[in-house]
There are 2 protein chains.
Amino acid sequence: MENSPAEKPQVVIVGAGFGGLEAAKKLACEKVRVTVIDRTNYHLFQPLLYQVATAALSPADIAAPVRSVLSKCKNVEVILAEVKSVDVEAKKIKTIDMEFCYDFLILATGARHSYFGHNEWEKLAPGLKSLEDAIELRRRLLMAFEYAEKITDEAARKAAMTFVIIGGGPTGVEIAEIARYTLAKDFRHIDPSQARVILIEGEPRLLAAYPEDLSASALKQLVDLGVEVRTAARATNLTEAGVQIGEEFIPCHVKIWAAGNDASFVGKTLGAPVDRVGRVLVNDDLTIPGHPEVQVIGDLANFSHQTGQPLPGVSPVAMQQGRHAARNILAMIDGHKPQRFRYWDKGSMATIGRNKAVADLNLVHLSGLPAWLVWLFVHIIFLVGFRNRLAVLFQWAWAYFTFNKGARLITRNFQSETRPPA
Amino acid sequence: MENSPAEKPQVVIVGAGFGGLEAAKKLACEKVRVTVIDRTNYHLFQPLLYQVATAALSPADIAAPVRSVLSKCKNVEVILAEVKSVDVEAKKIKTIDMEFCYDFLILATGARHSYFGHNEWEKLAPGLKSLEDAIELRRRLLMAFEYAEKITDEAARKAAMTFVIIGGGPTGVEIAEIARYTLAKDFRHIDPSQARVILIEGEPRLLAAYPEDLSASALKQLVDLGVEVRTAARATNLTEAGVQIGEEFIPCHVKIWAAGNDASFVGKTLGAPVDRVGRVLVNDDLTIPGHPEVQVIGDLANFSHQTGQPLPGVSPVAMQQGRHAARNILAMIDGHKPQRFRYWDKGSMATIGRNKAVADLNLVHLSGLPAWLVWLFVHIIFLVGFRNRLAVLFQWAWAYFTFNKGARLITRNFQSETRPPA
């Protein structure tokens, strides 16, 4: 589509998440043409998505238009389109209505929720991966309170005020602070601080990927918040009316899914081997077998060469792989071989509401306020775009000192929800 | 629903726009029980809605949850519900699934767009009354640019870059600044400053309700912005492909409706006389004939007792009527008669992009920068809620100095739009 000199190799990056965006930045001003294709027009700062769901932040605070992020990279063009498949033999990418040729491809289309074969649960218990997910969850949370304010039946009100989170990983732990404090003074007939939050985890402990002392600390901090935590428990059925956990049925309106991922379907069209959840088994240099011009990064990749286990689906992995994939391309253009990737693990952290968090910094394990301050610092630093950083800091400070949430808007039609669920 | 002492009269206010909210505030801490019913959970600062559509502001910047606005008024409860009808004989209000009794009623359900009998045009040319409208329009504007970036056919690209606004009142004039400057540097294949904006007005001049010198000034300012203005012109047909204006067909993707209002259907259920567009013909004290306990205010009311003409559908009218209706209720409780309403007209204004506006302050007519500064000052002052005022000021300053727009997010599914319109 561009009239650049033909000798410049064409790089296509599919997906403008943390991995794809880092790769594009690294290739800016290099002797390549770069096309970034994404199905949304924004880069989403996913670690703060739960704050949109809990109405602490607005969608625009955690999303930056891909075009503005990359507007200074004159050799990079951005296309809004949904990629359907890759033809590795023809070196072509297919969207619904267009095709794009590449010399080098970086595939970074990420992952979606997995309902473990129960796709009918998705409507009942939405997950939290996209802005749309977060807006829908915010709507459900606020509607539950609005409904509880109107009805007089005690059992129905109790069900409306019960929130069940399925999955005790970082997302489940972070979202558990919903509905505490902030709404209390605005309702006349209900006491929002009586909201019941139940967190269900199939493993024997929360945050199974973290060290044991931090799991125990997260559990204590959640219990202090008033969250009911059930470990070694599994949701065996979901209905409009509630959640079945073994013998027990918990009546509840709002159910949130935070339990498991499926890699994007685009990975399977490469023809390379994939694992149980659809992640592409990449070589130790991020390329796929037989096709050094194709690299797969981020949540879509299964990279097990370093620890024997797949690297976790977190932003530092994706970002380091994005930069590495870009370096590999520049090396290959210069006639060198792609290099082996090594992940530098600086640690991981999860927040648990106001003042509460856990942080595994490898040498040090932090809990409570110190962990929360580290979390705050790191997330402010990495927010894409200067405006967002300031706006988010301002809104957080405001929310912190006033216990108020500014983004409590219910958009979209709600009529069907003014009736009690069937 | 509340267990307040029975002797306190029950006031129901339907609609939490400018009129309803002022009435509720005025009745706070008085010896009445107040129930505010609205079909959304937020009060919308409608005068800035076009700034959400043009991606300068986020939805949360111009909307404040009704509950938080009224949370300190302990005798006021807020109910999220859509009112279907009023039974003035039984003194009851009906929603889909509930009924509310009142001793006094303030009806303030406002207006929607009127397509003059062509309801099929609503999908083709959405208006700008609700947050959903604004988000949808923002999506269409941004999608038009994304589409133009992808295609190679010159005629199709030109149609995608042509925006037709139907209606040259304040909304039409304000939205005309779309697509100038801000997107320019982010696209590789199109030049967004080449976007063509056409404003169509049926009357011989723009802003027909304003003095003639300000109409002329608005026209000049719009032409300076590059907007094509066609007065005494009417859209005779709308299709996916474009707009028919008499003999001429203008190919364009995005059409915006800003031409005419219909009052809310709830007014017709009162049994009182209504005018051609459905507004209730109120007495000179805002009550309806035969029912002093029922008052109608704002865009839903036709109040012609002062000038012989209906008062315009602007926020100062609604706010003054809201306070007056509240005073009338307190007077009636004390055994007095409701008082005649008088509108104090402080003037009106419309903005036309950066540095440009017209303001009719009765004694003085302002244009250009002075009018714009007055407009800015007044709108900041009246924004509901302290947080919003600061956030909006911050974002405006940012947008002003950087020509950048922070809220350029396309949410919702776009797949059908990656194909050219039929």
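**Note on strands, a helix pair and salt bridges**

1. In chain B, B:Asp87 has B:Lys92 of strand E7 as its bridge partner. The model is a predicted one. Strand E7 covers residues 92-95 and pairs with E6(B) in the antiparallel sense, over four bridges.

2. E6 and E7 belong to an open sheet of three strands in chain B, ordered E6-E7-E8, with antiparallel pairing. Strand E6 (83-87) and strand E8 (99-101) of chain B are the edge strands; each has a single partner strand, so one side of each has no neighbour in the sheet.

3. One of the pairs is B:Thr239 with B:Gly242, the latter in E15(B). The link from E14(B) to E15(B) is a hairpin through two residues.

4. E15(B) also pairs with strand E16 (residues 248-251) of chain B, again antiparallel and over four bridges. Here B:Gln244 has B:Phe249 in E16(B) as its bridge partner. E15(B) and E16(B) form a hairpin with two residues between them, and B:Gly246 in the turn has a positive phi of about 60°.

5. Which angle do the axes of H1 (residues 18-27) and H9 (residues 315-333) of chain B make where they cross? The crossing is at roughly 35°, and the axes come within 7 Å. The crossing of H1(B) and H9(B) is right-handed.

6. On the H1(B) side, the residues in contact are B:Phe18, B:Gly19, B:Glu22, B:Ala23, B:Lys26 and B:Leu27. They meet B:Ser315, B:Ala318, B:Met319, B:Gly322, B:Arg323, B:Ala326, B:Arg327 and B:Leu330 in H9(B). By class, this contact of H1(B) with H9(B) has seven nonpolar, three polar and four charged residues.

7. Over all chains, the count of salt bridges comes to 32. One of them in chain A links A:Arg140 to A:Glu136, with the closest N and O atoms 2.7 Å apart. Both residues are in helix H5 (residues 131-150) of chain A; because they are four residues apart there, about one helical turn separates A:Arg140 from A:Glu136. A:Glu136 has a relative accessible area of 11% and is therefore buried, the limit being under 20%.

8. A:Asp224 and A:Lys220 form another salt bridge, with 3.0 Å between the closest N and O atoms. These two residues lie in helix H8 (residues 212-225) of chain A and are four residues apart, about one turn of the helix. Is A:Lys220 buried or exposed? A:Lys220 counts as exposed, at 52% relative accessibility.

9. The side chains of A:Arg279 and A:Asp275 also meet in a salt bridge, at 2.8 Å from N to O. A:Arg279 is at 21% relative accessibility and counts as partly exposed, whereas A:Asp275, at 17%, counts as buried. The two values lie on either side of the 20% limit, so the residues receive separate labels. Elsewhere in chain A, salt bridges that share partners join A:Arg196, A:Glu228, A:Arg230 and A:Glu248 into one network.

Technical notes: Residues are numbered from 1 along each chain as its sequence is written. Chains are lettered from A and ligands numbered from 1 in the order in which they are written. This is a predicted model: local features need pLDDT of at least 70, side-chain atom pairs count only at pLDDT 80 or more; totals for chains, interfaces and linings use all residues. Side-chain values use heavy atoms; hydrogens and water are left out. Axes are lines fitted to C-alpha atoms, for helices over the stretch in contact, and angles run from 0 to 180 degrees between N-to-C directions. A crossing is left-handed if the near helix is turned anticlockwise from the far one by less than a right angle, and right-handed if clockwise. Contact means heavy atoms within 4.5 Å. Ala, Val, Leu, Ile, Met, Phe, Trp, Tyr, Cys and Pro count as nonpolar, Asp, Glu, Lys and Arg as charged, and the others, Gly among them, as polar. Two strands pair if DSSP finds at least two bridges between them. A salt bridge is a side-chain nitrogen of Lys or Arg within 4 Å of a carboxyl oxygen of Asp or Glu. Buried means under 20% relative accessible area, exposed over 50%, partly exposed in between (1.4 Å probe, protein chains only).
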